Structures are given as C-alpha cells and as structure tokens.
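Here is a short note to read alongside the model. Please keep the structure open as you go through the points.

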Amino acid sequence: MKTVEQALPTSSDLPVYLKLAMVTMIWGGTFVAGRILSDALAPLLAASLRFLLASLALLLFLALARVPLVRPSARQLLQLATLGFFGIFFYNLCFFYGLQYINASRASLIVALNPAVIGLASWWLFKERLGRLKVAGIVLCIGGAGLVIVSRDPSLLQDAAQGWIGDLLIFGCVLGWGVYSLFSRSLNDSLGPLQTVTWSILLGTLMLWLACGATGEIGLEPLRGLDIRQWLSLLYLGVLGSALAYIAWYDGIRRIGATRSGVFIALNPLTAVLLGALLLDERFTSLMCLGGGLILAGIFLCNKPLARSAEKAI
C-alpha cells in the first residue's frame with residue numbers, strides 16, 4: 001500500500017511534469033499537422049507513413065544508444081500487439097479519417113476527454129477509488145466535450161451527418177488511447193518504456209501497411225505532390241509526435257501513473273487551438289471556449305483528490 005509520501009507529488013516529480021507538459025503540447029500540434037496532410041494524402045497512407053518514420057526514428061535511436069531490441073515472450077508479444085492495434089492502428093485510422101470531417105481545434109477538445117475515460121476505466125477495471133470531486137470532474141469533462149461537439153461550425157462540413165461521423169471517429173481516438181495508456185503497466189515494468197513503445201509502434205506500423213496494401217493505397221505518386229509544409233508536417237508527426245513523444249509519455253505513466261499523467265492532456269486543446277488559429281485560420285467560437293473551460297475544470301477536479309485519497313488509504 002502506498003504511503004502519503006509516495007502518492008503526493010514531490011520535487012523529484014517536477015522533471016516528469018515538465019516532460020509530460022512538453023509531450024502534450026507537441027501532441028496538440030499533431031492535430032494541425034494532421035489537418036494539413038488530410039487534403040494531400042489518403043488517411044490510411046498518411047498514418048502508415050507517419051509510423052514508418054516513427055519506426056525508423058526509434059530503431060535509429062536504439063542503434064545510436066547501443067540498446068538492443070529485446071525479444072519479448074509470447075505473452076508479452078500478444079500484449080504488445082494489442083497496444084499496437086489500439087494505440088497505433090485504430091487510433092490513427094480514427095485520427096486521420098476524423099480530421100477529414102472536423103477541424104483541429106474541435107478534434108483536440110474531444111480528445112481532451114481522455115483523462116475522464118482513463119479515470120472511469122481505472123475505477124472499473126483496477127478498482128481505483130473515485131471520490132465525489134473526481135466524479136464531478138468526469139461529468140464536467142463529458143459535458144464540456146458534448147458542448148464542443150454540438151457547437152461545431154456547420155460551414156466547416158459538407159453536411160451535418162458527415163460532421164457527426166468526424167466527431168465519432170475522433171472519440172474513437174479517445175477509446176484507443178485509453179487502452180494504450182491503461183494496459184501498458186505490466187509491460188512498462190518488465191520491458192521498460194523504450195522497448196514497450198518501440199515494439200508497439202513496430203507492430204502497429206506493420207498492421208497499418210498491411211491494411212494499406214490490402215486497400216491498394218500504397219504508391220509513390222501522392223508523395224510527389226507534397227509541398228514543403230506537408231513534408232514538415234509528416235516529419236513532425238512521425239519523429240516528434242510519435243517516436244519521441246510516445247517514449248516520454250510511457251515513462252511518465254511508469255513514474256506517476258496513468259491518471260496523474262492523463263491530466264496533462266488538457267494542454268492538447270490549448271496548443272491545437274492556438275496553432276489552428278495561427279496556421280489554419282480556424283474559427284474558435286465562444287461555446288467551444290466554454291466547453292474547453294469545462295473540460296479543463298473537470299480534469300482539475302479529477303486529479304485534486306489524490307492527496308485526500310492517499311491519506312485515507314494508509
């Protein structure tokens with residue numbers, strides 16, 4: 001059983017907090033980069049290229065650091081394949097297809113539901129205690145995301161039905177990321193964050209390219225039409241937004257847990273909204289601002305009871 005000292009934030013956690021803040025701000029930028037690519041590449045090909053770059057970056061990092069890629073057991077390989085499916089394959093299909101229908105700002109705000117989903121799943125699957133403030137925070141997160149969805153700008157969509165498809169696809173990102181964050185605990189302990197991320201990305205990338213080949217989307221022709229802005233977006237997604245960010249994220253989960261790490265996802269929408277306004281000329285309505293505020297308030301309440309819960313657990 002954890003003591004209060006183990007449960008409460010300490011000065012030694014500060015580098016972890018700074019790293020997680022940096023990671024989630026990078027991820028905020030991935031919505032803008034994905035939106036830039038959505039008009040140039042088919043979603044499946046864009047996702048496959050993103051994680052091909054991520055895989056190459058990770059393997060290069062391992063080679064430079066002289067860290068061998070470990071051989072997982074059959075059970076670990078099955079767990080890694082599950083992470084690769086939900087966190088890489090499923091998440092990125094939802095991500096790139098969803099960004100064809102909705103803008104980067106609203107997509108990032110829907111993804112801000114992640115802490116609430118992770119909190120509920122931790123309570124249901126791992127029997128983590130939920131106090132009143134945490135429940136209130138989850139309700140605020142869900143209500144805020146709902147407000148963001150219903151306040152979407154109709155002029156950004158071809159029709160309302162397609163808009164709802166985009167909303168549901170981005171919510172699929174939330175579900176996929178919840179699985180990726182929650183079911184990595186044993187692998188992080190046995191293999192470590194670097195090996196866990198590398199294997200899950202390699203397996204997820206294989207799944208993406210198999211699907212790309214099955215649908216006949218593999219080809220060099222679309223790449224010839226990319227401009228410098230789109231190439232930079234692809235590199236940003238693959239190297240910064242995937243390889244480096246995923247390692248730092250899993251290291252944060254290993255050090256302070258999934259729920260406490262999840263609070264930093266609140267920085268995603270703030271970054272995406274600012275970059276969307278600066279780079280994509282996207283409109284951010286007052287109702288979307290209100291929804292974003294409710295989400296941030298809910299995430300704060302979800303994490304506020306940590307100290308009291310720890311005291312009662314002694």
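How many helices and how many strands does the protein have? It has 16 helices and zero strands. Helices (H or I, at least four residues) and strands (E, at least two) are DSSP runs, numbered from the N terminus.

1. Basis. This is a predicted model, where local features need pLDDT of at least 70, side-chain atom pairs count only at pLDDT 80 or more, and totals for chains, interfaces and linings use all residues. Residues are numbered from 1 along each chain as its sequence is written, and side-chain values use heavy atoms, with hydrogens and water left out.

2. Overall. Of the 314 residues in the protein, 52% are buried. Buried means under 20% relative accessible area, exposed over 50%, partly exposed in between (1.4 Å probe, protein chains only). The accessible surface comes to about 14,400 Å². Carbon and sulfur atoms hold 69% of that surface. Areas come from the Shrake-Rupley method with a 1.4 Å probe; for residues, only the protein chains shown count as cover. Take the contacts between residues at least 6 apart in sequence: 91% join residues at least 24 apart. Contact here means heavy atoms within 4.5 Å.

3. Salt bridge. The count is one salt bridge, defined as a side-chain nitrogen of Lys or Arg within 4 Å of a carboxyl oxygen of Asp or Glu. K19 pairs with D251, and their closest N and O atoms are 2.9 Å apart. K19 sits in helix α2 (residues 14-38) and D251 in helix α12, so the pair links distant parts of the chain, 232 residues apart. K19 is partly exposed at 30% relative accessible area. D251 is buried at 9%.

4. Surface patch. I228, W231, L232, L235, V239, L240 and L244 make a nonpolar surface patch of about 630 Å². Patch residues have over 30% relative accessible area and no salt bridge; like charges are joined within 9 Å, nonpolar side chains (Val, Leu, Ile, Met, Phe, Trp, Tyr) within 5 Å. L244 lies in helix α12 (residues 228-256). L244 is partly exposed, at 46% relative accessibility.

5. Buried serine. S200 belongs to helix α10 (residues 193-214). Its relative accessibility is 0%, so S200 counts as buried. A polar atom of the S200 side chain lies 3.0 Å from the backbone oxygen of V197. Leaving out residues up to four places away in sequence, S200 touches L80, L83, G84, I88 and Y180.

6. Helix α3. This helix (residues 43-64) has 22 residues.

Notes:
The expected span of a helix is 1.5 Å times one less than its number of residues. A polar contact is a pair of N or O atoms within 3.5 Å; within protein, one must be able to donate a hydrogen and the other to accept it, and residues adjacent in sequence count only if both atoms are side-chain atoms.
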